[in-house]
Amino acid sequence: MSPVQSQQASSPQASKRHSFHPIPNDRQCRALHKDGSDCREKLLQASHTLCPPHNQEYKKIYESYKLKEKRYVSIKIEEGEASTTERIGAKLAAGKETLELRDQVNRRFFNFSAQNRGHIKWILKLQSEVSDLGQKLAAREAREAASSSPPARTVRVIETTVYGSLLDPAVPMSRLSHLQPDSPVILLRKIVNATVAQLVQRIYSIVPALNDSSSVIFDKVSNTEREPDEQDIVLRFLFRELLLYKADADVLARATRTQSIDTFLRESFIEDLEYYLKFFEAFLEGRNDTLRLLRDAVCDYLLDPQSLSTTLLGAEVSTGEDSSRSMGIKGWDILFMDFHDIVGWWNIELFAIQFEDLVMVKSLIACLRYGQDDHGDDNVPTWYLPDEDVSQECVFAVLQGFIAVAKGFCEPDELSAETEKSIATEQETRCYLVGRMSKKDPMARQLAQELIERVARFQVLVYDREISELVSPPLTDKDPWIRRSRSTPTKKALSSTSWVTEWSLENILDDLKFLYDVRDRNMSRDYYEFIIIDRTPGRAFDILDVVADALSKLKGDMPLDQIIRQVIQKYFPAEEQDTCLKGVAQMDFGHATPPASQQYMGSRVRCWDVPGSVADMIRADSRVSSRVLCPSESRIIAKVSADLESHGVVALIPDYEPPRTSPIVMKGIDGLDDLYFAYDLGPIDESASRRKSLDLGLDTSGNNLVEFSQAYQHAHPSAVFAKGRINIHYCAWPAPMLTLLPHYSRLNFCTPEGRMYRWKALPFDVPLASLLWQCFVNLELNSKLPCVRLVQTTLVICAEDRDGAKASIKALLDIGKEHGWTFSIPPAASWTSDLKRLGLGTLWEGVRPAL
């Protein structure tokens, strides 16, 4: 079994009811030859749409019609009689030439392209102008002919026009009454008419809805006549969209004049009818290149009366740009209810115009509006298949706007045994996830920053696909591997053998380009695309759950039921919302939201002198790689770490480096959680070090303060005293890290989320930290102020008499200002000479663990 299995939203191979035909892997040119046949040349790059010869031809024709268009625009026609017949005729000729060239570009080089709508809009506009010019010229020539030419000449011109199109099905047979009944022309017309009628009937047999010659439609299922329903009307708009995208200028002109689809079909040429027939056969098979027109047909059916449009076959179709259109819940309802046999979960992206449309339908699917995951009945339509559709695998992520596109996951790494050929092979794989969020979603950039900072867990790239630029910092490794392997004759030599990369980021990007070509190219790219690679090989795939949890964290750990309510209020029709919200209220989600933790920095101090047994327990827990944290533990670690960073105790590390430890959460004696850090800095005999510190005068007991105060009182009988404390960080001494000591240089830690931090202050949990702090205090404070003695966090401050109290306080604050220290000291009026009342033998301590 392959260790890396890439899952993407694609057609299920087991389905036999409908075929799914993506663009072939060889990426053929999408232009048409002059005779209308497909070009078979291969593209040089995936991003190209035309082969080199057709690209050159397109540029040549484009330049030609731009020159003709410039000539057409330069000829000014003034209202009234100011313009001459020659000027009107010249502008009309230039307009026809421009129209012909633009029509050729449209039909041959923008076949089923999203850009085609703009071409059609321009063609229809120019066509209207040319028609007006033709009418003006005909009116002027008629007036001139009335004064200088006999009337019979006009009759002959009309007769010539009729004879030039006798085989056109649009010409009534009555126009041929001047011919003999056995005329070859009459016989040919009868054959043409019979063939046209036969082809029209074949089209109606496939799509009865197109027959609008009657107010009712014959239903093949019930063998009864009925009024056209929503599906029938959309299918009629589908035909109009087909004309809008594929017909030439002459056919479009006829479609704008004709009010009925039936009339239009019966007046069409045989080759056009054969094309329409082939199109609908391909459409009913679910062929990929026909489905986007269904999307546009649904939009036409739901067209806002104020939108830009043109009339085709008696109905308004949109000529506006894609940026002004969207599918909406009504459109998705139509596709699911009426076209679920060809619109499935695997090709739903084809029908989204804006990326927001896709977010909407994926959210509606997650809310089970479009079916449930019921494998028992294949006849019940559903778009919700989380086992097959990666975007629906994590409902919590979808409902928060994150749409997964592809993923790669792996089995546990295995070291193969030596084979009979004496080859040992080792393979490593990493999981990865590709997903998207709308640029309009304010959470998108926040999520990007959140994931980028988790350098111990992920390698993250974020692209703005609208401008095709990387908006996240580039990775140190330009092409990180996904799967790699190495082989040697013996197992012992594996560790010294170089790895060979088999799959990497470059392959993921190639897959995304192909996915864009076959499925997403007609959807707007107003989204951020996340590529998230797990840094640890062999880890089970959980990236999608991590993304959902990160979004939940950014939103303040909003409960799932509240997120569902927001989705209902945003997307569901107003008349359905009350019913849906009542249903949500009755559901049991069974998901406990992590409780909000209190502020730690400035309001809580953890103990720094942990008993040996507890320290051993902490170190043992830190070595358990499979240790699982509950969400509340992960949250409190993240919150406290961010709090430490905001107060300058730690600094965020932007690039990955091997972590030294990860915090452990333990309950304090007050019932709240505290963080502990287990650092293994090598063999250090802490007991011996403490004994040696006593020999050096580093007494960290309360006896130190008692002896100091008694000696001061003995020297100054009128002395007054106060017991105070230095304000320290939650879990670190307010002293800089000792970077000169190798054991303490560049100490870091990583959170369960994957953020990495480096200590800027001396943490409680490194060996001998309290002794190092006391050395620092003795050097910077105790040796400089004879009126103050600070032991750990507790201090005693003295003055020779009550009048000298303020001077002692000022001297202490001046020292504190140099190091950024603050103190809590009673006011001078409350100082006392009674040392017993101060309780100097007891030092203030932080919150101890409840063990």
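1. The model is predicted, so local features need pLDDT of at least 70 and side-chain atom pairs count only at pLDDT 80 or more, while totals for chains, interfaces and linings use all residues. Residues are numbered from 1 along each chain as its sequence is written, and side-chain values use heavy atoms, with hydrogens and water left out.

2. Rings of Phe, Tyr and Trp (for Trp, the six-membered ring) are paired if their centres lie within 6.5 Å, with planes under 30 degrees apart called stacked, over 60 edge-to-face and the rest tilted; by this rule the count comes to 26 aromatic pairs. Phenylalanine 677 and tryptophan 759 form an edge-to-face pair, because their ring centres are 5.2 Å apart and their planes stand at 80°. The pair links distant parts of the chain, 82 residues apart: phenylalanine 677 is in the loop between strand S16 (673-676) and helix H21 (686-695), and tryptophan 759 is in strand S20 (residues 756-759). Helices (H or I, at least four residues) and strands (E, at least two) are DSSP runs, numbered from the N terminus.

3. Tryptophan 759 also pairs with phenylalanine 749, and this pair is tilted because the centres are 5.3 Å apart and the planes at 45°. Phenylalanine 749 lies in strand S19 (residues 748-750), so its pairing with tryptophan 759 in strand S20 ties together parts that are ten residues apart in sequence. Buried means under 20% relative accessible area, exposed over 50% and partly exposed in between, with a 1.4 Å probe and protein chains only; phenylalanine 677 is buried at 3%, tryptophan 759 at 4% and phenylalanine 749 at 0%.

4. A nonpolar core is a set of buried Ala, Val, Leu, Ile, Met, Phe, Trp, Tyr and Cys residues joined through side-chain atoms within 4.5 Å. The largest has 107 residues, and Phe239, Leu294 and Trp332 have the most contacts inside it, while helix H6 (residues 230-246) gives the most to this core, with nine residues. Apart from it lies another core, of 67 residues, among them Val650, Ala719, Ile726 and Phe749. Phe239 also belongs to an aromatic cluster with Phe264, Tyr275, Tyr276, Phe279, Phe280 and Phe283.

5. Helix H6 is mostly covered, with 13 of its 17 residues buried. Helix H16 (residues 543-554), with twelve residues, reaches 16 Å from its first C-alpha to its last, close to the 16 Å expected; its buried residues include Ile543, Leu544 and Val546. Just after H16, glycine 556 takes a positive phi of about 80°.

6. Tyrosine 528, in strand S13 (residues 527-534), counts as buried at 7% relative accessibility. Although 84 residues separate tyrosine 528 from alanine 444 in sequence, their C-alpha atoms are 7.3 Å apart. The side chains of tyrosine 528 and arginine 445 make a polar contact at 3.2 Å, a term that covers a pair of N or O atoms within 3.5 Å where, within protein, one must be able to donate a hydrogen and the other to accept it, and where residues adjacent in sequence count only if both atoms are side-chain atoms.

Notes. Expected span 1.5 Å × (residues − 1).
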